[in-house]
Amino acid sequence: MIDDELVQLLSPEGQRVDQGDYQSTLSGDEIFGLYRDMVIIRRICNEGTSLQRQGQLALWAPIQGQEAAQIGAGRALGPTDFTFPTYREHGIAWCRGIPPVDWFRLFRAVSNGGWDPQHYRHSVPTVVLGNQALNAVGYAMGVQRDGADEAVVAFFGDGASSQGDVLESFVWAASFNCPVVFFLQNNQWAISEPSSLQAKIPLYHRAEGFGFPGVRVDGNDVLAVYEVTKRALENARAGAGPTLIEAFTYRMGAHTTSDDPTRYRVDAEVEVWKHRDPVERVKSLLVHEYKVKKTALNDVTAEAEAMALQVREDVLAMDRPDPITMFDHAYAAAHPLIDEGRREMIEMGISGGSH
Amino acid sequence: MATTTMTMAKALNEGLRRSLEKNKKVLLMGEDIGKLGGVFRITDGLQKDFGEDRVIDAPLAESAIVGTAVGLAIRGYRTIVEIQFDGFVYPAFDQIVSQVAKLHKRSDGVYNMGLVIRLPFQGGIGAIEHHSESPEPYFAQTAGLRVVSCSNANDAYWMIQQSIEHDDPIIFCEPMSRYWEKGEVDLENPAQGLFEAAVRREGRDVTVVGYGASVKTILRAAETAETEGVSIEVIDVRSLAPLDLDTIVRSVEKTGRLVAVQESPHSASVGSDIVSQVSERCFYSLQAPGLQVSGYHVPYPPTRLEDDYRPTVDRILDAVDRSMGF
């Protein structure tokens, strides 16, 4: 245990932890499903790093170390809940059913979005830190007015927790008792800045000052993240208002492929967190408690490998769009400067003007 | 034609009321807009009639006012937010530029970002600092946004309704100094489309364009000029982004002269855009270079000095004289 306020249901060694407030409700099959999710997402994200290193992506934001936080939260979502991600929520995108290739459009620099956010109920990535927290609260105000049985989740990190937009979103969610869950992944580092620079108190304590509950969960424990998120979502849907969840986790890799973490953090710290690996502890539970066979585990690894190769193939096939598509959807209605731009591009022979 | 005389403030109030009646998804949000009816009383009585869920008193955070309107738009609501004064819009600048202007594009057209940001602007009310500014060039320059301004009661009544019905986000600039001026409002038919300029006075010699509070000042200048034998055509720009260049070009092709008036400094402004576009399109018709009458390139001065900062009849006439002198 990292501290006694931390909700944990599975120790780093894969032992069940008796935690008074929460019990795991998941069956062996369901836990195996979470394990499969985490193995696949880890493998696909590693492929992202390789693709960037090979010059095939402009950038990649790895999630290694945060798989349990994202899969636990993602699998707790109800089908009609709506989520507002940052650019690092690949695990949530996976749980929402968005094809992996679509997560790569932003990083391949062929799109600023990548999927239909209304279809998957998962908004497009927000790169400006914290903006999405307010958008999520506004969406939740709409849910309230519709009288709908839905919850909304705003994802952000320890770095963004210092942004005015995030703090304003806390004020609004409390004032209007919005059906929103703030899911903060504290991965300890905002590029090179430690979370101690963002907050002098545990981040989840901030919720109390705004007038709603905060809870710190072991973000590397998928069973605990699932239960804590599920309860927060149920409370939101039942009209009990917002919750701040601080998933205490660790970014094992770099902030993005442009980052060099060896300049600001020591290996010893990374070593400590290696022993808290989110995937290994579930594997240990599956093997010891559920007697899952090695062949079943190997099948998952093989499946993840095949998916990663498919992603690679799909990414490499992702061509530069026709330049004239930059004018599509800049506005909803006709606009003279859009017409002018299109016309010039066609006259200059830059585009065939198929749009 | 059923017309009624009312102030611009009342016309905005009536326009908002009609939008709230017509579409259940229309919401109003802003600081003090409920019981108080807004510091300018534009939303007077609307919370009483439409309830606190539709006319929402917002906590004091402009980024949140706009940022939550974005989320409401994604959910299918159409929110008209009130920024209390021009100089308080900057905390919301990030949401306006990063989300409001870009989400329709980023979602490949899936998100409808139809929302209206009402922005009381320009000077002339003798206020303290941050209550008299002209931030419209920031927004006019931003792709994804549209910027309009009303100058009279009839336009206020119709343009606010047209803005609410439009599917792109709109920055709606209201000249505070004209809120209490009365005008005829046609309650049945809009005078024209939202993105069209209006010829307010026909003339032969010089085209003078402006928007918001400047329109009335330009009309006064035109009256004076008439007595001196100079015939000014006055154009109310109305749509600052996109510009209705056809109307302006038609006028300049006739007069051969252009003066653009605005309260913001002229560098990288709506006026400089008009002058640049007109010189490109009317090169062979122009008898003189396009000139500008603007606020000076200084922070808005203490308002005891604002009459020496804002374009006056004298400064407009001076520019007209210079134009005629070429």
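**View 1**
Before zooming in, let's check the scores. Chain B has an average pLDDT of 97, and 100% of its residues reach at least 70. For the model, ipTM is 0.97 and pTM is 0.97. Why look at such scores at all? Where pLDDT is low, the predicted coordinates should not be read in detail.

**View 1. Chain B and chain A meet here.**
On one side of the contact you'll find 44 residues from chain B, and on the other 45 residues from chain A. Together the two chains bury about 3,400 Å², and carbon and sulfur atoms give 56% of that area. Which residues of chain B lose the most area to chain A? They are R75(B), K105(B) and R106(B), and together they make up 20% of what the chain B side buries. If you wonder why an area is quoted here, the size of an interface is often given as the accessible area lost when the parts come together.

**View 2. An open sheet runs through chain B.**
Count along the sheet and you get seven strands, in the order β3-β2-β4-β5-β7-β6-β12. The sheet is open, and its pairing is mixed. Which strands sit at the edges? Those are β3 (55–57) and β12 of chain B, each pairing on one side only. From one strand to the next, the twist averages 20 degrees. As you trace a strand, keep in mind that in a regular strand the side chains alternate between the two faces of the sheet.

**View 3. Two strands of that sheet, β6 and β7 of chain B, pair up.**
Strand β6 of chain B covers residues 146–149, and strand β7 of chain B covers residues 170–175. They pair in the parallel sense, over four bridges.

**View 4. Helix α4 of chain B is mostly covered.**
This helix spans residues 93–100 of chain B. How many of its eight residues are buried? Six are.

Now look at the link between A241(B) and P242(B), where the peptide bond is cis, with omega about 0 degrees. P242(B) belongs to the loop between β12 (239–241) and α9 (245–255) of chain B.

The other two spots are aspartates with a positive phi. D32(B) has a phi of about 65 degrees although it is not a glycine, and it lies in the loop between β2 (26–30) and α2 (46–50) of chain B. D108(B), also not a glycine, has a phi of about 55 degrees. Its place is in the loop between α5 (103–106) and β5 (116–121) of chain B.

**View 5. Over in chain A, strand β6 pairs with strand β7.**
Strand β6 of chain A runs over residues 214–218. Four of its five residues are buried, so the strand is largely enclosed by the rest of the structure. β6(A) and β7(A) pair in the parallel sense over five bridges. One place to start is G214(A), which stands opposite L244(A) in β7(A).

**View 6. E246(A) is a buried glutamate with polar partners.**
E246(A) sits in strand β7 (residues 243–248) of chain A. Its relative accessible area is 0%, so it counts as buried. Which side chains does its own side chain touch through polar contacts? One is that of N186(A), at 2.8 Å, and another is that of R216(A), at 3.0 Å. Leaving aside neighbours within four places in sequence, the residues in contact with E246(A) also include L184(A), P202(A), Y204(A) and V217(A).

**View 7. V279(A) is tucked into helix α12 of chain A.**
Helix α12 of chain A takes in residues 278–288, V279(A) among them. V279(A) is buried, with a relative accessible area of 6%. Beyond its neighbours within four places in sequence, V279(A) is in contact with Y35(A), M38(A), V39(A) and R42(A). A140(A), 139 residues away along the chain, has its C-alpha atom 33 Å from that of V279(A).

How values were computed: Residues are numbered from 1 along each chain as its sequence is written. Chains are lettered from A and ligands numbered from 1 in the order in which they are written. This is a predicted model: local features need pLDDT of at least 70, side-chain atom pairs count only at pLDDT 80 or more; totals for chains, interfaces and linings use all residues. Side-chain values use heavy atoms; hydrogens and water are left out. pLDDT is the predictor's confidence in each residue, from 0 to 100. Two strands pair if DSSP finds at least two bridges between them. Axes are lines fitted to C-alpha atoms, for helices over the stretch in contact, and angles run from 0 to 180 degrees between N-to-C directions. Buried means under 20% relative accessible area, exposed over 50%, partly exposed in between (1.4 Å probe, protein chains only). Contact means heavy atoms within 4.5 Å. A polar contact is a pair of N or O atoms within 3.5 Å; within protein, one must be able to donate a hydrogen and the other to accept it, and residues adjacent in sequence count only if both atoms are side-chain atoms. Buried area is the accessible area (1.4 Å probe) that two parts lose on being put together, summed over both.
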